[in-house]
Amino acid sequence: MKNLKYMSLVWAFVCSISFCLTSCDKEEEDVNTVAKPVITLTEVGHDNSKIAHPGHDMHLEASLLAEGVIQRIDVEIHSVAGGEDLLEIAYTDGKYIGVRNAEFHEHLEIPADASLGKYHLHFTVTDGQGQQTMTECEIELVEEDGEDDEDEHEHHHD
Ligand SMILES: [Zn+2]
Ligand SMILES: [Zn+2]
């Protein structure tokens, strides 16, 4: 009889410990799990044409959401054929940094001596927890045809 009582006490003790362990575990998970940054490329090139011209700037817009707060943005463009980097830009301060939500809008200067052809654009967001999300998009560098020249120069956003 005594033994049984002792056993049930031990059992209750074990139960309370395991209950504590599982609940503590859960809490820790909640604190550490922050969703990775989400990137939506809304416009790459004029009217999302995914086309750029050497010696001109390329319009780039993206919606960014980072629960862990945006800490760094990297934009990289490399050629598909040779793999060489055309552009590499890092944003580590300014209006996009330290916020959860940002509407990224920049005009990237394409070097005049860039060779025509297909390129990859890589857009990477790093949050305050060190989590990274990368999204990519294919773009093409073509010769300026002059037709949309006027449009391009009137293109101003605030
Ligand atoms: Zn623009
Ligand atoms: Zn690539």
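**Figure 1. The three-strand sheet.** In what order do the 3 strands of the open sheet S1-S3-S6 pair, and is the pairing parallel or antiparallel? In this predicted model, S3 lies between S1 and S6, and the pairing is antiparallel. S1 and S6 are the edge strands, each pairing on one side only. From one strand to the next, the twist averages 20°. S3 and S6 are joined by 9 bridges. Within this pair, glutamate 61 has histidine 105 of S6 as its bridge partner.

**Figure 2. The whole chain, for orientation.** The protein contains 2 helices and 8 strands. Read from the N terminus, the elements run α-β-β-β-β-β-β-β-β-α. The protein has 158 residues, of which 18% count as buried. Consider the contacts between residues at least 6 apart in sequence: 69% of them join residues at least 24 apart.

**Figure 3. S4 against S7.** These two strands pair in the antiparallel sense over 9 bridges. Arginine 72 stands opposite threonine 126 in S7. Isoleucine 77 stands opposite leucine 121, also in S7. In a regular strand, side chains alternate between the two faces of the sheet.

**Figure 4. S7 against S8, and their hairpin.** S7 and S8 run antiparallel and are joined by 10 bridges. Tyrosine 119 stands opposite isoleucine 139 in S8. The hairpin of these strands has 4 residues between them. Which residue takes a positive phi in this hairpin? Glycine 130 does, with a phi near 85°.

**Figure 5. The largest nonpolar core.** This core has 22 residues. Those with the most contacts inside it are Ala62, Leu64, Ile70, Phe104, Tyr119, Leu121 and Val125. Several strands give two or more residues to the core: S1 (38–44), S3 (57–65), S4 (70–79), S6 (101–109), S7 (117–127) and S8 (132–141). Nonpolar side chains tend to be buried together in soluble globular proteins.

**Figure 6. Around valine 125.** Which residues does valine 125 touch, leaving aside those up to four places away in sequence? The list is Pro37, Ile39, Leu64, Ala66, Ile70, Ile73, Gln132 and Thr133. Of these neighbours, Leu64 and Ile70 are also among the core residues with the most contacts, as is Val125 itself.

**Figure 7. The loop between S1 and S2.** Asparagine 48 lies in the loop between S1 and strand S2 (51–52). Lysine 50 lies in the loop between S1 and S2 as well. Asparagine 48 has a positive phi of about 60° although it is not a glycine. Lysine 50, also not a glycine, has a positive phi of about 60° too. Lysine 50 has 18 other C-beta atoms within 10 Å. A buried residue needs 20 or more, so lysine 50 is partly exposed too.

Terms used. Residues numbered from 1 in each chain as written. Chains lettered and ligands numbered in written order. Predicted model: local features only at pLDDT ≥ 70, side-chain atom pairs only at ≥ 80, totals over all residues. Core = buried A, V, L, I, M, F, W, Y, C linked by C-beta atoms within 7 Å. Buried ≥ 20, exposed ≤ 12 C-beta atoms within 10 Å, placed from the backbone. Contact = placed C-beta atoms within 7 Å. Pairing = 2+ DSSP bridges. Axes fitted to C-alpha atoms, helices over the stretch in contact; angles between N-to-C directions.
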